[in-house]
Amino acid sequence: MAKNIQSIRGMHDILPDATPAWQYFESSVRTLLKRYGYHEIRMPIVEQTDLFKRAVGEVTDIVEKEMYTLESRSDADSSEAFGMALRPEGTAGCVRAGIQAGLIFNQQQRLWYAGPMFRAERPQKGRYRQFTQVGVETFGITGPDIDAELIAIGARLWQQLGLKNIHLELNSLGTLEARQAYRELLVAYFNEHHALLDEDSKRRLHTNPLRILDTKNPAMRELVAAAPNLHEHLDSESATHFAQLQTLLDAMGIPYHINPRLVRGLDYYSRTVFEWVTDELGSQGTVCAGGRYDGLVEQLGGKPTPACGFAMGVERLILLLEAQGITPPSSAPDVFLIMAGETAVQAGLAIAERLRTALPDLNLISNCGGGNFKTQMKRADKSGAGFALILGDDEVARGEISLKPLRTGGEQINLPVSDLVSTLPQLLEKR
């Protein structure tokens, strides 16, 4: 017998019993972003490798260790003979699409997207090789008001979903020039304490030293705490921007904690960075993160354009919904149609289509595949439907159909088929 083929480790199926939570989350996000005036954009999952090297940074963990790269076909046209990669994040692709389509220069854009991302990491709970992100990106807006709006969207989403215990961590990285001067101070400091650095930090020291501040190694906690404080080396414009952002958040009643060690793992960030974190998911506690990336559009070939955005990890938020006992609204059908007899099947399927046409909000499952009355009743009960419509050959002859409550224990009643469209909605609502 042939051996079963399993899914790739770290890439998971989302089975029917789990999809209602996903649909609930996705619907909530889509509705909320529409209210704020954001428009959906959809990008390919495969991009040129150089896009991520230029945007994310060649010395980041993503590009160095985690990106899935693909080889072009040997017989491909020479114009397509470039390296390709499965997208590890969405911002770079969104910027590329905006530049290519002429959406960004001298314009304001509020965009969002959702879909799979890919990183070759060691799979663990909440951290997978294929994972899903919702990304929100804005272009052409300079001030801290858009930073505040993006943070407010996150705060409102947690409120709408009923999620608790998600806290906002906030920081400013300053301009690229100010950060370069701070970087030199940081390298000098860590060089003085080189013997105390772990291997990962030694590797990052001369490539991406700010990432050392974000180390998860508890043995380095005191060393990092004593490092030069970035806030003491911010340029004046960034300091003013950050102070204004705090004023706006205070006015909106959104609490936050300033974390001077928050740097994010991608090279393109400047000025505002933020994370929404929880302590209910273990080490994978960041559920949403973002900030400003004012230099990225120019870095990828466009005109200088201010930009700001964030991304949410959908798997982690679904886990948090489960951990907090938040269940999505029921997706069970309203009605299950039972048809006993050949004449009943023919008449019943026609009745079902008339109901679906006249009552577009009605969720109705028709029994298919035959089965006696007892078998069909079991299917109706298993479906979770609140009611069964029962049609047999005798009912067809009389022009009637029966409605039986499946969850409330009420009495079964007979209805004229001719009145079904007008009476069924009221009967379902009453019961």
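Which residues does Leu213 touch, not counting residues up to four places away in sequence? In this predicted model, Leu213 makes contact with Tyr182, Leu186, Phe190, Val224, Ala227, Arg261 and Val263, when residues up to four places away in sequence are not counted. Leu213 also belongs to the largest nonpolar core, which holds 45 residues, and together with Phe139 and Phe190 it touches the most other members of that core. Two or more residues are given to this core by each of helix H2 (49–55), helix H4 (91–100), strand S5 (109–118), strand S6 (130–139), helix H6 (176–192), helix H8 (221–225) and helix H10 (296–299). Among these elements, H6 provides the largest share, with five residues.

Two packed helices are described by the angle between their axes and the distance between the axes. For helix H1 (residues 19–35) and helix H11 (residues 314–323), the axes come within 10 Å and cross at roughly 110 degrees. Because angles of 65 to 115 degrees count as roughly perpendicular, H1 and H11 are therefore assigned as roughly perpendicular to each other. The crossing of these two helices, H1 and H11, is right-handed. On the side of H1 the contact is made by Ala21, Trp22 and Phe25, whereas H11 contributes Val314, Glu315, Leu317 and Ile318. Classified by residue type, the contact of H1 with H11 consists of six nonpolar residues and one charged residue, with no polar residue taking part.

Key. Residues are numbered from 1 along each chain as its sequence is written. This is a predicted model: local features need pLDDT of at least 70, side-chain atom pairs count only at pLDDT 80 or more; totals for chains, interfaces and linings use all residues. Side-chain values use heavy atoms; hydrogens and water are left out. Axes are lines fitted to C-alpha atoms, for helices over the stretch in contact, and angles run from 0 to 180 degrees between N-to-C directions. Helices (H or I, at least four residues) and strands (E, at least two) are DSSP runs, numbered from the N terminus. Angles under 35 degrees count as roughly parallel, over 145 as roughly antiparallel, 65 to 115 as roughly perpendicular and the rest as oblique. A crossing is left-handed if the near helix is turned anticlockwise from the far one by less than a right angle, and right-handed if clockwise. Contact means heavy atoms within 4.5 Å. Ala, Val, Leu, Ile, Met, Phe, Trp, Tyr, Cys and Pro count as nonpolar, Asp, Glu, Lys and Arg as charged, and the others, Gly among them, as polar. A nonpolar core is a set of buried Ala, Val, Leu, Ile, Met, Phe, Trp, Tyr and Cys residues joined through side-chain atoms within 4.5 Å. Buried means under 20% relative accessible area, exposed over 50%, partly exposed in between (1.4 Å probe, protein chains only).
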